[in-house]
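Visitor: Could you take me through this model step by step, with the reasoning behind each answer?
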Amino acid sequence: MEFVLVAGVIVVVLVLGGLALLLTRGRKLPPGTLPPPPPPDVPPPGGRDTLEIPVQPPAPEVAAEPAAPEEPAEPEEAAEQPPLEVPEPTGSRMVRLRARLSRSQSTLGRGLLTLLARDRLDDEAWEEVEDTLLTADVGVAATTQIVARLRERVRVLGTRTEAELRGLLAEELTTALGADTDRALATAPHEGRPAVVLVVGVNGTGKTTTCGKLARVLVADGRTVVLGAADTFRAAAADQLQTWGSRVGAETVRGAEGADPASIAFEAVKRGTEAGVDTVLIDTAGRLHTKTGLMDELGKVKRVVGRNGPVDETLLVLDATTGQNGLTQARVFTEVVDVTGIVLTKLDGTAKGGIVISVQNELGVPVKLIGLGEGADDLAPFEPKAFADALLGD
């Protein structure tokens with residue numbers, strides 16, 4: 001019986017030991033994890049073995065050296081503006097351009113002088129004189145008048161020498177050109193506002209260029225000018241006009257491409273009044289005289305500008321090389337905007353100088369300016385006597 005009890009106790013002990021072993025294995029750390037280090041031995045405070053670590057005093061703060069003041073940046077130099085140009089005085093322009101006109105138009109003069117110098121001036125000779133004048137675009141009415149007066153004077157005076165014939169021709173041409181016609185440009189300020197000049201014309205006549213050259217003419221005569229770029233249908237027109245103005249110190253009033261031309265013209269006059277300038281030049285859009293809508297719009301421009309006061313001058317730019325077709329253009333423009341003066345361009349080329357007589361005789365509108373080249377100062381006031389002498393190659 002005792003043996004059984006002893007065996008039972010041994011079995012219980014073995015079972016309890018196995019259970020303890022299993023519990024111990026279940027609490028093992030996961031693989032790869034190191035057990036925490038044992039706590040260090042801490043010596044008792046105040047003992048001999050206490051290690052005192054000397055504490056170093058903090059280093060004195062060194063004041064940082066003040067940064068050197070930055071040198072002020074030099075202002076960027078403004079883009080150097082080109083010096084303003086000094087236009088040639090108008091008094092000397094026709095003299096300088098006379099030789100050029102004489103070279104280009106001498107055929108008319110030589111032809112007439114050769115015919116009139118014949119020993120016998122019969123009806124056939126006078127018909128040739130008429131043909132020569134008509135070929136030069138003098139026009140039928142003006143040609144008839146000139147030939148009638150020449151025949152009478154040659155018959156009465158018995159003129160025959162070349163010098164006498166040239167003198168007679170020069171007098172008759174000067175009379176036909178209107179020597180006594182008032183060709184002054186209305187560009188002086190009045191009643192506290194600037195003079196307003198409207199520049200009109202068909203496409204391709206050199207209208208914008210003429211407007212720029214006219215600004216130079218006025219500046220050369222001592223006027224101050226504001227330009228109005230009311231040609232909003234041609235992309236380069238405003239830039240072109242502004243370039244002309246900047247060369248002589250004239251301000252240009254412009255708007256966006258396609259803007260209302262009448263509003264820009266109105267603003268140009270308003271700006272000219274505020275700035276106290278002498279003259280406002282308004283460049284209008286080129287248009288064909290056959291386009292009714294565009295011509296009506298030109299009339300609108302003049303009406304809108306007139307709200308600040310009447311337009312003092314309306315200049316029609318005509319290409320002299322178009323000959324008699326220029327008369328048709330001029331008639332339509334005079335009906336819409338009451339043209340007060342003609343500017344004939346390209347007279348130094350293949351143009352026939354008789355168009356000056358024809359335009360004036362047919363329309364009763366004086367030629368006030370002529371263009372004789374592409375130079376900036378090749379626009380000159382028209383002088384009938386100098387023009388007649390140049391036609392005759394004198």
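Visitor: Is glutamate 130 buried, partly exposed or exposed?
Guide: This is a predicted model, and the relative accessibility of glutamate 130 in it is 31%. Buried means under 20% and exposed means over 50%, with partly exposed in between.

Visitor: Where is glycine 309 placed, and is glycine 309 buried or exposed?
Guide: Glycine 309 sits in the loop that lies between helix H9 (292–305) and strand E5 (313–319). Its relative accessibility is 12%, and since buried means under 20%, glycine 309 counts as buried.

Visitor: How far apart in space are glycine 309 and glutamate 191?
Guide: Along the sequence, glycine 309 and glutamate 191 are separated by 118 residues. In space, taken from C-alpha to C-alpha, the distance between glycine 309 and glutamate 191 is 9.8 Å.

Visitor: What percentage of the contacts in the protein chain with a separation of 6 or more is between residues 24 or more positions apart?
Guide: The protein chain has 394 residues, of which 41% are buried, and its secondary structure comes to 12 helices and eight strands. Among the contacts with a separation of 6 or more, the share that belongs to residues 24 or more positions apart is 77%.

Key. Residues numbered from 1 in each chain as written. Predicted model: local features only at pLDDT ≥ 70, side-chain atom pairs only at ≥ 80, totals over all residues. Heavy atoms only, no water. Buried < 20%, exposed > 50% of the residue type's maximum accessible area, 1.4 Å probe, protein only. Helix = DSSP H or I, 4+ residues; strand = E, 2+ residues; numbered from the N terminus. Contact = heavy atoms within 4.5 Å.
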